[in-house]
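Please have a look at it on the screen first.

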Amino acid sequence: MTRPRVVVAGLGDTGILTAIHLSRHADVVGISSKTGLVSGQELGLRVSRPDTWARDYRIPFERFRKLDRVRTIHGSLTAADLDGRTVTVTGADGTEHVEPFDSLIIATGVRNGFWRRPGLQSPTDVDRDLTAAHSRLARAESIAVVGGGAAAVSAAANLAATWPDKRIDLYHPGERALPRHHQRTWQNVAARLDRLGVGVHGGHRAQVPDGFACDEITSGSVRWSTGQDAAQADAVLWAIGRVAPNSAWLPAEILDADGFVRVTPELRVPGHERVYAVGDIAATDPLRSSARNRADRLLAHNVRVDLSGRPDRARTYVPPRRRWGSVLGVQHDGLQVFAPNGRAFRFPAWSVDAVLQPWIVRRGIYGGIRDTGSPTSSLLSPDRRRRRT
């Protein structure tokens, strides 16, 4: 019997995990604009210590053992014919390829600032982006971080921890930062920011210049619509949450007013059999939380039961009311993780490299990651599959 073909559009954190779960049950094809995982997580660590960040958040596809059964295509998604069950991919050389599917999983995520870009990139391009952002901030004596979400707070804290002699200021628009986290979470994080010497300025809403997409590090003054005097800094990191879905390749009929993919509680796209969406692009709830709550496993289950003709056995995704998890990433004293109720628990520093990353993340979540990459390129043509002996 011919195995069904499942196309996973987008191989970020959630797309990779979904592909892994399905790879034993179907012929899985993953399409990505990168040649490996380039995570959107942990902005603070990425800009302050990019080599440390890359060890855990930038991983070539061939290092994932459970992706050995998955055929990967390096290219940009440019169109989808949901009735005809095909997607169109444009490769780095400009050639187009039409990929058929029995099931389609939309996991192309969002673009946000300079750290989440949807364009086609080679490893050299990614290297250039990482180096440019880090070098720009390393040269600055004063840095203003604009924004009140986890990305902004993490950036301010990690920059201050890496460069204690710099002046680091965090400007956020609300009464407190982290408005989508529990109050206890912000109280805990605010105390750490104070110990790190970060200047925290609430009630500052930035005036964004016309036409500026907030996707680069700037310098000079930042003006406020809330009436305060302009702030001056050698480098300004914009993390104001201007998130836009990577959905231009999809038909407008499946998108909501903001361009995100409408889904049922089972993560199915209404009106299209065996089409699904998960992660930041899926309009599951106001927080679009399926990217951060392991909905990949639930979705893989639903795809399997739909393919086997048992759709009544599908499971529903129940989003949390608040954001939770790590805010600042790994610090010198370990990794602090916050529950939805704001209470924190900590992985000691020694356990992060000895237990958390090798055993819980790399082996437990991803099913094994090789220590070094294969000399074989992951830039595969559509009709090739990786094979290992």
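Let's begin with the record: UniProt, in an unreviewed entry, lists residues 5–285 as "domain: FAD/NAD(P)-binding". UniProt positions are given here in the numbering we use, the feature names are shortened, and annotations may be inferred rather than shown by experiment. In residues 5–285, the end C-alpha atoms lie 29 Å apart, and the span is 24% helix and 28% strand. Helices (H or I, at least four residues) and strands (E, at least two) are DSSP runs, numbered from the N terminus.

A word on ground rules. This is a predicted model, where local features need pLDDT of at least 70 and side-chain atom pairs count only at pLDDT 80 or more, while totals for chains, interfaces and linings use all residues. Residues are numbered from 1 along each chain as its sequence is written, and side-chain values use heavy atoms, with hydrogens and water left out.

Now the sheets. Strands of a sheet pair through backbone hydrogen bonds, either parallel or antiparallel. Here, two strands count as paired if DSSP finds at least two bridges between them.

In what order do the 7 strands of the open sheet run? The order is 7-6-5-2-1-8-17, with mixed pairing. Strand 7 (96–100) and strand 17 (275–277) are its edge strands, each pairing on one side only. On average, neighbouring strands of this sheet are turned by 35° against each other, direction ignored. For angles, axes are lines fitted to C-alpha atoms, for helices over the stretch in contact, and the values run from 0 to 180 degrees between N-to-C directions.

Helix 1 lies across strand 1 (5–9), strand 2 (27–32) and strand 8, and runs at about 165° to strand 1. Contact here means heavy atoms within 4.5 Å.

Another open sheet has 5 strands in the order 12-11-10-14-13, again with mixed pairing. Its edge strands, each pairing on one side only, are strand 12 (199–201) and strand 13 (218–222). Strand 11 (residues 167–171) pairs with strand 12 in the parallel sense over 3 bridges, and L170 stands opposite V200 in strand 12. Helix 4 (residues 123–139) lies across strand 10 (142–146), strand 13 and strand 14 (231–238), at about 160° to strand 14.

On a 1 Å grid over the protein atoms alone, a cavity is a set of points where a 1.4 Å probe fits but cannot get out; a pocket is an open set with protein on both sides within 12 Å along at least five of seven lines, and lining residues have an atom within 4 Å of a point. Grid points are joined across faces, edges and corners, and a volume is the space filled by probe spheres set on the points.

The second largest pocket has a volume of about 250 Å³. Of its 15 lining residues, I20, H21, R24, R297 and R304 lie nearest the centre. Which helix gives the most to this lining? That's helix 7, with 4 residues.

The largest cavity has a volume of about 50 Å³. Its largest share of lining, 4 residues, comes from strand 19.
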